Amino acid sequence: MPLIETDLAVIGAGIIGSSCAFHAARRGLRVALIDARQPTRGTSGECDGYVAISSKKPGLVMEMAAASKRMYPEVCAALRIDPQYHPTGGLMILEDEETFQSVAGHVEAVRGCGVPMTFLDRSRMLEAEPTLSPALFGAYEVPVEAVVNPYRMTLALADAARAAGAVAHWETRPLGFELEGKRIKAMDTTAGRVVAQHYVFSAGIWSRALGAMVGIDLPVAPRRGELVVTERCKGMVKRYLQSARYLTAKGKPDEVATTADPLMRLGHGFCLEWTPEGNCMMGSSRAFVGYDRRTTPWGVAAIVQEAIRYVPALARVNILRSFSGLRPFVPDGKPIIGRSGLVENVIVATGHEGDGICLSQITGEIVADLAQGRAPRLDVSPLTPDRFGAMTAEKRAEAGAFEAA
Ligand SMILES: Cc1cc2nc3c(=O)[nH]c(=O)nc-3n(C[C@H](O)[C@H](O)[C@H](O)COP(=O)(O)OP(=O)(O)OC[C@H]3O[C@@H](n4cnc5c(N)ncnc54)[C@H](O)[C@@H]3O)c2cc1C
C-alpha cells in the first residue's frame, strides 16, 4: 500500500477544502488534497456565488465575511483560472416599510463592520436599477459586495493549490483512521496510507459521517436550495439582488417551519444575478429534505413568480433549466471551524450553509494559521467543533454515510 507523508491532509475538496489547501500550500506546507469525487461535485458546484456581507449573521460571521471579501481580489489575482470575480455591488431590496423597519438593527451591524450600506428610496432605487418594480419600497445599496462563479472559483483554488505544490488525490476516500491517544496516527484511504501532521475535515454536507469515523460530532445537515436559470439575453440588472426577506428565510428556520406565509414555508428568499455569459440565475428556497437534490414544481414556480414580481420584464424570458444544491447547515447557524479538543490533530472547516463561497478565503487562511500554530486574525473560538461534543452511538445513527452518487 503506498504511503503518503504530508503536513496537511485535507479531506473534501469543495471550495472550503480547496481554499484551505491553497492557503496552506502557498505558505510552503506539504498538502494532500483528497476528494471522494472531484472538487465541483459537491455543493460548491451547485450554487450561486454572491460574496455578500449584508446577509450574514451579525457578529463574528459578519466580520469573517468582511475580511474574506477583502481577500478576494488578491487571491483571484494569484489564480491561473479566471473565476469571473466581479465587484458588482449588491442591493438588499425592501418590499415595504415594515421590512425597512425590521432590518434596521441588521443594517447597523453591517455598518459596524465598516461596510457601507446606503438607503435608496424608491426613486433612487429605480435610477440605480430601472427594471425593478416601482411597487417596491426601496433598497439598501452595498457597493463593496461582489459575485464570483463558484464552480470556476473552486476549480481555480484546487488548481492554484496544486501549482503551489499540493498533491491532489481525486476519487479517493478514507477507509479508516488509526488513533493513538488523542491523535490520528494514520488514515487508510482507497489510494493508500496517509500519515499527516494535521487532518482537515472539510467534507461539506458529509462532514457528520466523516467526524463519526474518529468520534467527533459535527452535526451538519443538508438544506436544499433550488435555483432557476434563464436563456441568455441582454442583462436587465447590474448588481446582485437579494430581498430583505431572504434574511428570515435563511436565519430563522423555526419561523420558516411554522409560518402561515406559503412563500416563507418554502424558505423562499428572492435573489438574482446576471452571469457574465448572459443567463439570469434566480433563487432560492430552503428545505430540509435529506440528500434529495431534485427540484420541485412548487419551488421553481415560487422562484419564477417572485423574480417577475421584482423584475417584471423577466416575464418575457425563457427558462432554460432548474437545479438544486444542498447547503451544509449547522443548527446554531454558525460554521464549524477550529481544532478539535477530542482528536487534537483534526482541524474542522465545515458547516458554511449559504455562505461558503463568501467565507472560503478567510476559512482557508484560518486553517493555514491553525496548522502553523499561529493565532488567526479573528478569534474563532465560538466556532469550535467542541461545542457539539463527542459522537455517541445514538447520534452516530443519524450521521449517515458518504454517498458517491
Ligand atoms: C442554492 C444555493 C445557493 C448558494 N449561494 C451562495 C452564495 O451566493 N454565496 C455563498 O457564499 N454561498 C452560497 N451557497 C453556499 C455554498 O455553496 C456552500 O456553503 C459551499 O459550497 C460549501 O462548500 P464545501 O466545500 O463545504 O462543501 P462541498 O462543495 O460540498 O465540498 C465537500 C467535498 O467533500 C467531498 N467529500 C465528502 N465526504 C468525503 C469523504 N468521506 N472523503 C473524501 N471526500 C469527501 C465531497 O465529494 C465534496 O467534493 C449556496 C448554496 C446553495 C445550495
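Domain bounds here come from an automatic or database domain assignment. For this protein, the assignment gives domain 1 (3-46 + 151-220 + 332-393) and domain 2 (90-143 + 221-329). The model is predicted: local features need pLDDT of at least 70 and side-chain atom pairs count only at pLDDT 80 or more, while totals for chains, interfaces and linings use all residues. Residues are numbered from 1 along each chain as its sequence is written, and side-chain values use heavy atoms, with hydrogens and water left out.

**Stop 1: the two domains**

Colour domain 1 and domain 2 separately; their C-alpha centres lie 31 Å apart. Twelve residues from domain 1 and 14 residues from domain 2 take part in the contact (heavy atoms within 4.5 Å). About 1200 Å² is buried between the domains, and carbon and sulfur atoms give 53% of that area. Buried area is the accessible area (1.4 Å probe) that two parts lose on being put together, summed over both. Now select E46, I205 and E353: they supply 60% of the area that domain 1 buries against domain 2, more than any other three residues.

**Stop 2: charges across the interface**

Four salt bridges cross the interface of domain 1 and domain 2. The rule asks for a side-chain nitrogen of Lys or Arg within 4 Å of a carboxyl oxygen of Asp or Glu. Show E353 with R286, a salt bridge at 2.8 Å, N to O. E353 sits in the loop between strand 18 (346-350) and helix 12 (356-371), and R223 in strand 12 (residues 221-232), 130 residues apart. Helices (H or I, at least four residues) and strands (E, at least two) are DSSP runs, numbered from the N terminus. Both E353 and R223 are buried; buried means under 20% relative accessible area, exposed over 50%, and partly exposed in between (1.4 Å probe, protein chains only).

**Stop 3: other salt bridges**

The count by this rule comes to 23 salt bridges. Select D217 and R208, where the closest N and O atoms are 2.9 Å apart; D217 and R208 are buried. Then go to D292 and R294, a salt bridge with its closest N and O atoms 2.9 Å apart. D292 is partly exposed, with a relative accessible area of 22%, while R294 counts as exposed at 60% relative accessibility. Next, select E178, K185, D188 and R193, which salt bridges link in a network.

**Stop 4: the nonpolar cores**

Which residues have the most contacts inside the largest nonpolar core? Select V31, M64, Y72, M153 and V200; this core has 66 residues. A nonpolar core is a set of buried Ala, Val, Leu, Ile, Met, Phe, Trp, Tyr and Cys residues joined through side-chain atoms within 4.5 Å. Helix 2 (residues 60-77) gives the most to this core, with eleven residues. Domain 1 and domain 2 both give residues to this core, so it lies between them. Centre on M153, which touches I15, Y72, V75, C76, L79, P83, V148 and Q361, not counting residues up to four places away in sequence. A second, separate core of 27 residues includes I4, I184, I336 and F388.

**Stop 5: S19**

Finish at helix 1 (residues 15-25), where S19 is found. Is S19 buried or exposed? At 0% relative accessibility, S19 counts as buried. Show L157, S360, Q361 and G364, which S19 touches, not counting residues up to four places away in sequence.
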